[in-house]
Amino acid sequence: MSAILDIKNLTVTLQQSPGVVPVLENLSFSVKAGKTIALVGESGCGKSMTALAIMGLLPDGFQIAGGSIALEGQDVAKLPGDALRQLRGNRMSMIFQEPMTALNPVYTVGDQISEALRLHQGLSRQTARERAIAMLRAVQIPAPERRIDAYPHQLSGGMRQRVMIAMALACRPRLLIADEPTTALDVTVQAQIFDLLREMQQDIGTAIVLITHDLSAVADITDEVAVLYAGRCIEQGPTATILNQPQHPYTRGLIASVPHLRLGLAAAQPSEALEEIPGMVPGLGKRGPLCGFAPRCRYSAGPCLEAPPPTTGTGSHQVACWHPQGEAA
Amino acid sequence: MSNDTLLEVNDLKVHFPAGRAGAFGQRLTVHAVDGVSFRVPRQSTFGIVGESGSGKSTTAQAIMRLAPITAGNIRLGETDLTTLRGDALRKARRHFQMIFQDPYSALNPRRRAGDLIREPLDLLEVGSADDRAERLESLLRVVGLPPEAAMLFPHQFSGGQRQRLVIARALSTQPDLIVCDEPVSALDVAIQAQILNLLKRLQRDHGLTYVFISHDLGVVQYLCDQIAVMYLGQIVEQAPSAQLFAGPRHPYTWSLMTAAAPPGGLRQSLKQRFSLRGEPPSPINPPAGCRFAARCPFADERCRKETPQLSVAGSGHFVACHKTEEVSAAGRSIMAAA
């Protein structure tokens, strides 16, 4: 099956007074129908910029300087504004991190879900409303006939995120981008939202790009993982491989720096010291051609400080590092 | 009270008025914290976990005397914090300090980092001006910031560094107790580890006692000796950390653990038995009977009528549930199969 989304060598730059600063460099990945890829990394790594570039929503000053973003074969990076508007909310849509700020407080949730249906599918007010009720039911909101006339402030955080999902999926998009869809929610509700996303995905066959900073939380629902650091993809591969045999020191650090819950017998053992990654992500404009992680990396030596890291790997697992680490995680 | 207990909370209640149901209706009350008791031994860490609305932050604020206490009392060492007023309370504050969740809003953007850290010392008039300057330098060193940081403004720091400033400020008065309200949840994962390790080291070096509020079970397990699980204003389960994670006895604890369990077969089978439907009910006039009954996969008639009391379930292990036998048996069989 061909890919729904195929990104090749995407480069995004920021125009600043002294010159042009790269924000994303040579990013490539693709997602097939019904599959999910996770973009992982700290803030400032370019995860959200990637999402905005795909949606054609880059802020002022940022521009796509090279590469292509193909949505079912059509390069959206080169489309004019009104052609993009035809796509957004229709063939591709996005779920934002904070449902309270992403919903319009002065319209009912029914109006907001119907808007996309009426715009893109030319439905009448009445049919759109019926479809909106069906969507609310699909995202498991109780009493959807009444909730459709509710305003966002009348709903809880979890409900609002369900409304966002209903809105994003109303036109059965081919591609869904979810930017940290659960960070604003409680843990038990997070699990519900991920289950819902997966069900809806199986139903519609949508390709999902899931942006997250916690790899293990999304391991169940993703097929592939791309780890970003300072605007570059440093490691990419199937989820199980990345989780169990990460090779890039940054990926290994990310996984080791989260205290993982130990249950049952393992809980009796005292906690091991948590590994930390010293320092922080270099700012925009402070990134040279060399490995961006080298200043924080305990293995950095010799070639790391002389030339950009080569991309190596077998099959689907690729890593950009001079000193990829062995199997044992 | 025994000598090694630093903080003692007895039947704490914090209720807030929430207007009326309609113009002439009944007065409504938010039962934010509804009868919470626990003891924290010196130099240990007491974790409180729960979802938003469970009352964990309100408990923290009540301990800090930042929330109105409706009933119950809080003792820190020999002092009853509940009855302190005015100047006596202000003086006592040097013994208990707080680390806030959001280091962006916890620091005044118009003051320099050094002034912010010194402020508690200046206000409480601790030592001479020279002492305070010296203390500032050592505090910055302790939290891993260079001495030049004192001259900078908060916006010149990253999130992790700001949290270090907040920690330095909390440490400045050499408190016995530090209440940490979700100190790492606003930070990036890689930075979280730095702050957690710093908190651990500070506890060891300075003999600190922590009350640690979090919704992240992994973090709580890493840091805490004792853990209380709160739901809708009440403690539903409390146990030493190792014991709690080896075998919880309350269905809510199981569901929190399910949500945080490492990915794999175990999480899948836990999910089938313990995952929750819906969201916590409103803390305004909470339901009769067990407050968790509406979401509990084990609940029956009795749970909806009779409120379960916190009772002993092992050494130092307390649970408030009618179905605890059935719940632990279900959990044990899943864990054994994995």
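In chain B, strands β3 (residues 45-49) and β8 (residues 209-214) run parallel and are joined by five bridges; strands are DSSP runs of E of at least two residues, and helices are runs of H or I of at least four residues, numbered from the N terminus. B:T45 stands opposite B:Y210 in β8(B). The model is predicted: local features need pLDDT of at least 70 and side-chain atom pairs count only at pLDDT 80 or more, while totals for chains, interfaces and linings use all residues. Residues are numbered from 1 along each chain as its sequence is written, with chains lettered from A and ligands numbered from 1 in the order in which they are written.

Eight strands of chain B form an open sheet of mixed pairing, in the order β6-β7-β8-β3-β9-β10-β12-β11, where two strands pair if DSSP finds at least two bridges between them. β6 (96-99) and β11 (311-314) of chain B are the edge strands, each pairing on one side only.

Between the chains, 34 residues of chain B are in contact with 34 residues of chain A; contact requires C-beta atoms, placed from the backbone, to lie within 7 Å. On the side of chain B that touches chain A, α6(B) gives the largest share, eight residues. That side divides into 20 nonpolar, 11 polar and three charged residues; Ala, Val, Leu, Ile, Met, Phe, Trp, Tyr, Cys and Pro count as nonpolar, Asp, Glu, Lys and Arg as charged, and the others, Gly among them, as polar.

Terms used: Contact = placed C-beta atoms within 7 Å.
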